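Reader: Before any details, please show me the sequence and the structure.

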Amino acid sequence: GDHASTYGGNPLACAAGLAVAEYLSEHNVLENVRVRGEQLAAGLEDITNRYPSVLGETRGWGLLRGVVIKEDAGCTAAELVG
């Protein structure tokens with residue numbers, strides 16, 4: 001219709017969403033994400049402190065994080081990871 005999606009609200013999609021939410025809640029997945037996110041943030045901060053001429057600030061939250069590569073670093077992200 002004009003105001004809904006093809007798959008939104010159908011019984012299978014709702015059951016799948018509920019099963020995922022229950023699993024996340026019952027297995028403390030979000031707490032693990034929080035702890036691992038703190039670990040990742042500390043590790044990235046350590047790396048940026050070791051290479052201050054290349055790396056800038058770290059950004060993000062949880063396990064979704066990134067590091068700024070400085071404009072005058074003389075390299076690209078692809079060159080750093082490849």
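Author: Buried means under 20% relative accessible area, exposed over 50%, and partly exposed in between, with a 1.4 Å probe and protein chains only. This is a predicted model, in which local features need pLDDT of at least 70 and side-chain atom pairs count only at pLDDT 80 or more, while totals for chains, interfaces and linings use all residues. Residues are numbered from 1 along each chain as its sequence is written, and side-chain values use heavy atoms, with hydrogens and water left out.

Reader: Is Glu-31 buried, partly exposed or exposed?

Author: The relative accessible area of Glu-31 is 37%. That value lies between the cut-offs of 20% and 50%, so Glu-31 is partly exposed.

Reader: Which residues are linked with Glu-31 in a network of salt bridges?

Author: A salt bridge is a side-chain nitrogen of Lys or Arg within 4 Å of a carboxyl oxygen of Asp or Glu. Arg-34 meets Glu-31 at 2.5 Å, N to O, and Glu-38 meets Arg-34 at 2.6 Å. The residues linked with Glu-31 are therefore Arg-34 and Glu-38.

Reader: How far apart are Arg-34 and Glu-31 in helix 2, in helical turns?

Author: Helices (H or I, at least four residues) and strands (E, at least two) are DSSP runs, numbered from the N terminus. Helix 2 covers residues 29-50, and Arg-34 and Glu-31 are three residues apart in it, so their separation is about one helical turn.

Reader: What is the bridge partner of Trp-61 in strand 2?

Author: Two strands pair if DSSP finds at least two bridges between them. Strand 1 (residues 55-61) and strand 2 (residues 64-69) run antiparallel and are joined by five bridges. In strand 2, Trp-61 has as its bridge partner Leu-64.
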